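Hi,

Here is the structure I promised to pass on. Have a look at it first, then read my notes below.

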Amino acid sequence: MLDVVNRRPNIVVALIAGYFLLCIGLRLVISTSLEIDESEQAFVSQFLLLGYGSQPPFYNWLQYGLTSAFGASLATMTVLKNGLLFLCCLFYGLAAREVLSDRRLVAIAAIGVLTFPPIFLLAQRDLSHTVSALFAVSLFLYGFIRTMNRPSVFSYVLTGAAVGIGVISKYNFALVPVAAILAIIPEPALRARIFDWRVLVAVAVCALIALPHGYWILENLGAASRSTLKEMGTAQETSFLSKGLKGAVALVVATLRGSAIALLVFVLVFRKDLAAIWRASSLWSRIIGRMLAICLIAVLLVVLAVGATHMREKWLVLFLVLLPLYLALKVEASGVDTRFSVRPFLLLVAFIVITTLTIVSARAVVRPWFGKPSRLSIPYSTLVDTVVDQHGREPAMVLASNKLLAGNVRTRLHDAIVFVPGDRSGPAVERLAGPLLVIWNDEGKLDVPPPDLLMRTLETLGVPAATFNPQQLALPYLDGKQEDRYGFGYVWIDDPSR
């Protein structure tokens, strides 16, 4: 098989598809419980809204569509995530074909996408909006490069659509098309593409996609930015110089950590020709290199402007993902022999991603053996089955104390609508329906009383606390020791209107 890969590099597409099918299969097998992002998607996929809080809505809209068609389940969430990651690799490869004549280097560029930790690690553990943004980056690269090389109305429409999808996937995606425009300005042969009348078509398509959420942002600017600024640590230091220094160091460290594996794999495979590759240059290696540099410089300016002191690799992966294509272009420009390059490159990347996938998948089963259960070990499915068995039917409505609990309960019920009082990513509870299940937890502690917010919500909607009796459940962890228990509290109300 590996010798065939060197002779027929297009088979790499099938191997990448096989990897993501393996990701889907393992995730469905290891646990029925959800991670944080998964549970959030299960919760918000009940509602079709213009905005859901601090993250743009494109991924939520896709999840809403799948959930409406096939129901809320772990399967629909896992298929969406890994399907988008596969499309990211596919369009990345198509973009590479536009600028690389060596099909082996096209395959290497596509495989190189898998070398970034947010893709082979974080996405298989818990990631959502970044996944759709990565898909948008690859789609944009394909549309942009095709527009530069073979301009047509279709290529401009595709590019505009990619930009629209990107900005409603992750706000920092906007740096990518800006960097692309700036990167081609020094190239006279391509500069005219910016002033082509078909750019107006691209702008119109982008606007049609992005404006509905843009209207929501104008009405909810604080909600759209507050969480991200908090995560970046913008209020940790009072000195501008101290903030700037810490932010710049954090950016450099995150860039090195995020690109280290991609660089290492390229260095190992092409170690004999590094000097020639370093000196080589071509039209498109210059353009992609400028795009990468402009994006990172822009991030630095944002870091300094907002006083950020913290940076994560997943925030930079939208820009660092340009690196495999840039390196492949440098390799082709150098003219080095690539006849035997695909096999070692594929072996190295396969070892990294399969080993990581195995470890990530095994933790749900292995950790409980040592008394350290993860979120995947929490017995949400047992909780729902126990309550439904006790009362002989499913609830019509659920009030949950948090999104992690709400999302997990949502995937175990068929028709119930689930609310989290006080959460801004979904609509507020306006009226109650029965049977009503009110449910809460506090990191598994036993005999926890109902949270005040749940109590106030019930009283506000006409259900006084004196009319119901809280119940407690202590359930064994999934795949854990029988004596280890996780605590839930709940109230069942047959008719909340009484």
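**The sheet, then a helix pair**

Strand β1 (residues 397-400) and β2 run parallel and are joined by 3 bridges; strands here are DSSP E runs of at least two residues and helices are H or I runs of at least four, numbered from the N terminus. Methionine 397 has isoleucine 417 in β2 as its bridge partner.

Before I go on: this is a predicted model, where local features need pLDDT of at least 70 and side-chain atom pairs count only at pLDDT 80 or more, while totals for chains, interfaces and linings use all residues. Residues are numbered from 1 along each chain as its sequence is written, and side-chain values use heavy atoms, with hydrogens and water left out.

The sheet is open, with 5 strands in the order β2-β1-β3-β5-β4 and mixed pairing (a pair needs at least two DSSP bridges between the strands). β2 (417-419) and β4 (471-476) are at the edges with a single partner strand each, so one side of each has no neighbour in the sheet. On average, neighbouring strands are turned by 25° against each other, direction ignored.

Now the helices. α2 (residues 12-30) packs with α19 (residues 342-366) at about 10°, axes 10 Å apart (axes are lines fitted to C-alpha atoms, for helices over the stretch in contact; angles run from 0 to 180 degrees between N-to-C directions). That makes α2 roughly parallel to α19, the word for angles under 35 degrees.

Cheers

Notes:
Angles under 35 degrees count as roughly parallel, over 145 as roughly antiparallel, 65 to 115 as roughly perpendicular and the rest as oblique.
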